[in-house]
Amino acid sequence: AWVPRFIALLSTFGSSMIIYDVVRDRTKRTTVFNTLMVAMSVFDIVGSIAWGLTTLPIPEYEYGEPSRIYGAKGNEATCTAQGFFVQLGYTSIFYNMSLSFYFLLVVRYGMRESQLKKQQLWFHIPALIVGLTLAFGGIPVYGNALWGCYVPPPPLAKTNYNIVISAAICTAIAILTVNMGLVYWAVRKQMIAARKLY
């Protein structure tokens, strides 16, 4: 119950520093890269705070009996709220995927900032739609997952919503991996070409 609170504090601090660094500098505030970093950091803070509550929002009583989970002081509403904000925090993964597209377009295809700004909404819209859809879609499902409130794992889960969430996250990670692989090969080709000049 206490280790995730410490980790959540560090994560919140780190993401807050990223936001502070971007917001205080007018030049940074206007770049596509930094707007993606701020959005990713905001959702990371949301998720970190939600996970940092650990067992606190778990219902103190379930089925009229004490839950006997350390630190459980909540009810069904607090449990659902924690699950929602934990899932909403995972939107940062989809922003990470958007960031991989940004690097792909800049490094491999040589797009300039002015071109990227015209496409900026397309970096945000997919991440927001998927993140918000998964968070709101889980509202009927969130419950006691023993270490906090989220989609309970099998056999506690009454639905297969955790499979939907896992599929979305795995797809984002696969896309991110492919994009970074393409960026790697583009940089590698540039390095080989540069060595031939010497």
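The model is predicted: local features require pLDDT of at least 70, side-chain atom pairs count only at pLDDT 80 or more, and totals for chains, interfaces and linings use all residues. Residues are numbered from 1 along each chain as its sequence is written, and side-chain values use heavy atoms, with hydrogens and water left out. Helices (H or I, at least four residues) and strands (E, at least two) are DSSP runs numbered from the N terminus.

**Helix 8**

- Helix 8 comprises 37 residues and extends 55 Å from its first C-alpha to its last, close to the 54 Å expected at 1.5 Å a residue; the expected span is 1.5 Å times one less than the number of residues.
- Its buried residues are Tyr 161, Asn 162, Ile 165, Ala 168, Ile 169, Ala 172, Asn 179, Val 183 and Ala 186. Buried denotes under 20% relative accessible area, exposed over 50%, and partly exposed in between (1.4 Å probe, protein chains only).
- The cover over these buried residues includes helix 4, helix 5 (91–108), helix 7 and strand 4 (149–150).
- Asn 162 belongs to helix 8 (residues 161–197) and counts as buried because its relative accessibility is 17%.
- Residues up to four places away in sequence aside, Asn 162 touches Val 151, Pro 152, Pro 153, Pro 154 and Ala 157; contact means heavy atoms within 4.5 Å.

**Helix 5 against helix 8**

- Two packed helices are described by the angle between their axes and the distance between the axes.
- Helix 5 and helix 8 pack at about 20°, with axes 9 Å apart. Axes are lines fitted to C-alpha atoms, for helices over the stretch in contact, and angles run from 0 to 180 degrees between N-to-C directions.
- Helix 5 and helix 8 are therefore roughly parallel to each other. Angles under 35 degrees count as roughly parallel, over 145 as roughly antiparallel, 65 to 115 as roughly perpendicular and the rest as oblique.
- The crossing of helix 5 and helix 8 is left-handed, meaning that the near helix is turned anticlockwise from the far one by less than a right angle; clockwise is right-handed.
- The residues of this contact between helix 5 and helix 8 divide into 17 nonpolar, 4 polar and 1 charged. Ala, Val, Leu, Ile, Met, Phe, Trp, Tyr, Cys and Pro count as nonpolar, Asp, Glu, Lys and Arg as charged, and the others, Gly among them, as polar.

**Helix 4 against helix 7**

- The axes of helix 4 (residues 76–89) and helix 7 (residues 120–137) come within 8 Å and cross at roughly 160°; the two helices are therefore roughly antiparallel.
- The crossing of helix 4 and helix 7 is right-handed.
- From helix 4, Phe 84, Gln 87 and Leu 88 meet Gly 131, Leu 132, Leu 134, Ala 135 and Phe 136 of helix 7. This contact of helix 4 with helix 7 has 6 nonpolar, 2 polar and no charged residues.

**Positive phi values**

- Most residues other than glycine have a negative phi.
- Thr 54, in the loop between helix 3 (32–52) and strand 1 (61–62), has a positive phi near 40°. Thr 54 counts as buried at 2% relative accessibility.
- Arg 68, in the loop between strand 2 (65–66) and helix 4, has a positive phi of about 60°. Arg 68 is exposed, with a relative accessible area of 77%.

**Ile 19**

- Ile 19 lies in helix 1 (residues 3–23) and is buried, with a relative accessible area of 18%.
- Beyond neighbours within four places in sequence, Ile 19 is in contact with Val 38, Ser 41, Val 42 and Ile 45.
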